[in-house]
Amino acid sequence: MNGQERTAHADPQEELAARLRLLQELSGLGVRALARDADLSSSSLSRYLNGQTVPPWPAVVALCRLVKRDPRPLRPLWERTSNPLPAPPKSSRLVRPAPRNDLPRDAPDFTGREEQLAAVFAAVASHRAVSVDGMAGVGKTCLAVHAAHRLAAGFPDAQLYVDLHGFTEGRPPLDPDSALRMLLGALDVPSEKVPQEGIEELAACWRSELARRRVVVVLDNAADADQVRPLLPGAGPSVALITSRNRLLGLDEVPPVSLDVLSPQESAELLARASGDPGGPDSRLARDPESAAEVLRLCGHLPLALRLAAARLRHRPGWTVGILVERMAEGASEFDAEFSAAFAMSVRQLNRSQARLFRMLGLLPGEFFDEYVVAALADMPLRSARAMLEDLLDAHLVQQPTGSHYRLHDLVHQHARRAAAEQDSAAERERALGRVLDYYVHAAAAADAAMPFLSSGRTASAGRPPAELPRFADKNAALAWLVKEYGNLMAAFETAAAVGADVHVYELPRFLRAYFARRCGTTHLNFLFERSLAAAERLGDPLQLAEAHSDLGFARYNAGRMAEAAAAYEAAGLRVSQAGDTRAEAELAVRRGYLSWDTGHVEEPLELFRLAGKLYEQADSPAGAAHAAASEAWAMLQLGHREEAAQRAREVLGIPHTDPAWPPTLTARITLGVAIAHEKPDEAAEHLRQALALARDDGHLNNQAWCLNCLGVALRQMRRYEEALASHREAFALLDELFEEHWKIHFLNGYGETCRLAGLPEEALRLHRQALELAPKLGNRYEEALAHEGIAIVLDETDPAEAAEHRAAGQAVLQELNPGAY
């Protein structure tokens, strides 16, 4: 091939293949003979010559040397071929928010791995994914992160990283459900768009988000193919780099790149670079080559161990390499793996307090940690914990992925746990872990107290309160903390369950109710409260049992499982009087009132809300009494007592308080807005819009839908039908995003009535029939009766016979529910 033919290739990979074919022509050899002389496989050489695969640079060098040609002129072409970075995005006048970048810091001393890097880039270019596998400490994460940094310019929408904990001692692998929720959260996907249940639905949502973005994601430390398969991108430009200690044989569509330990030459280069060795004949490494070689042997040529050894040399200018070898050898017999000698040597440079803290860090159950939990773990002041963490950072025993959080590499974590088991007594380890569990319960309680809606209203009693807890300026700060710490809180819950810390298992879910209400997590909340109840049963305290049954009933109610909610409330009622706690009895009365209304009773809810108000007053809980009074006003409105409902709601709004988002305000404003819609439309609309603003500010989607639906009802009463329909539609758009169909039962009949009066009888009939189908499944007999009546009204003119059947069915339901009222 002549030069003109070569320059005609627009594809650098094809141009490189053409240059290699020219080398073959110059050799005069066939493919097999040329492969043999170049120490290559014939099948690989064939792919190189055909342009199917980019050869590693050593292969190019070997081919050039066979025909006595200088390989250096081919290096720029090979680099363009082996690492085809996409063009940077074009500049735009629009100011865009900075993309999410969760990648750990790229290693400044990254050494070697040229062939493996080339293979990673080739796999990413051809398959949009690559799996890097190898033994522990071999540098899989370092390679993947380095490659991701190299690729980042071509994937400007986000650079994500998640540790899947496939081989983290002391904790199970991260399940795909949790991993997908973390990744979707990192892309700022609104929680209402994230499916509530089903790994297939979550994976589809993730692939859909990646399909319209250019994202590079590192999936680190995968346990197996099943764990990582739902996390892979689908169609579109985004790419995934996976690491695992196992070969992921089940991922046929993902090319593997296997890592071995570094070569002696690469190990020596990494040790020199990481230790800051200047090179030359007078350097420490050059003066004692035998000791330097022994360091490489003791480190097993593993990058992580080499960096820890190098850190000792860098920070100990008075040491010779021989001293380093002595320190490493002293600890070599203590551990099975050779690289543990580097850990032991590194820890021995710490003072007694620092070494104790390092060992204790291995007991932490979560993925990462902050200075507050470290202070609780070590039972020391916050300032001391902060200072010691800085010391451990300098010693490369702790990593700091973000400014406020720290983590241990999994191998370091294993070493810390092993050292704690060997050097600290079981009693001391148990006390330290107990302080950690205490911290998470009390910190969650503090966050819960900062979130007014659905707050438990209780203080934590588990263990001993830590000396210092995070401070939350407002509910947004509290919610942000709960979102960030969710994984740690769940790890603490599982750890508490594993060690039999039943008080912690009982209490922690109570302080997560407000979080789950905003995150639409009714399924998981039910799971947590089931285990909370089991812990309360083991504890045997009547009050805890009563509250656990009540909380489980609340979770069942929010999940639309009405019969189970009733059973749980019944069990709570049997125990709450025995416990003698008036506040718990009041809370149960409120909850039973709402359940009673949804299951079709008319008068009983009002009685329960009034009872709750009296009990809250006896318990000296003004906020609880106001909440019961607001619920009482709402029940009056449902019974058609508009004037009484409006008066009671105004009384609630007149109660002095300092919190603009005081919980009873929302219910009172909604009630008042609907109650006075006929007589005072402007004031009514203002109350409802203020309620909607409160719900939006709080981020509670169910309450937003409730406000929008009630605004639609009020606007309908004002005969502003188009505005009413728009409000209903907005409410149902929110409900569709919640993936909790049972909430629609509260709004379908009201929406249908608005459609009928707005001249949309077919739409009204569809909505009433949908309510009639859903209500019996949920046990909501009152809405079932309303659906029958709504269908009858729509059909009166077109099908009187069917209308009469539905009207009779509705009356029968009401008669069954309230025999004395009909």
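Start with the cysteines: a search of this whole structure, which is a predicted model, finds zero disulfides.

Select cysteine 755 and then cysteine 710. The sulfur of cysteine 710 is the nearest cysteine sulfur to that of cysteine 755, at 16 Å, and a disulfide needs the two sulfur atoms within 2.5 Å. Cysteine 755 is therefore in no disulfide. Is cysteine 755 buried or exposed? Its relative accessibility is 1%, so cysteine 755 counts as buried. Move on to cysteine 205, which is also buried, with a relative accessible area of 12%.

The largest cavity has a volume of about 70 Å³. To find this cavity, select its lining: Phe110, Thr111, Arg113, Val138, Gly139, Cys142, Leu143, Leu262, Leu270, Pro303 and Arg307. Which elements give two or more residues to this lining? They are α8 (140-151) and α15 (303-315). Colour the lining by residue class, and seven residues come up as nonpolar, two as polar and two as charged.

Now zoom out to the whole chain. Shown as a cartoon, the chain has 40 helices and six strands. Its C-alpha atoms fill a box of roughly 105 × 70 × 45 Å along the principal axes. Of the 822 residues, 55% count as buried. Among contacts with a separation of 6 or more, 67% are between residues 24 or more positions apart.

Finish with the surface view. The chain exposes about 35,700 Å², and carbon and sulfur atoms supply 51% of that area.

Conventions: Residues numbered from 1 in each chain as written. Predicted model: local features only at pLDDT ≥ 70, side-chain atom pairs only at ≥ 80, totals over all residues. Heavy atoms only, no water. Buried < 20%, exposed > 50% of the residue type's maximum accessible area, 1.4 Å probe, protein only. 1 Å grid on protein atoms, 1.4 Å probe; cavity = no way out; pocket = protein on both sides within 12 Å on 5 of 7 lines; lining within 4 Å. Points joined across faces, edges and corners; volume = space filled by probe spheres on them. Helix = DSSP H or I, 4+ residues; strand = E, 2+ residues; numbered from the N terminus. Nonpolar A, V, L, I, M, F, W, Y, C, P; charged D, E, K, R; others polar. Contact = heavy atoms within 4.5 Å. Areas by Shrake-Rupley, 256 points an atom, 1.4 Å probe, with all protein chains shown as cover.
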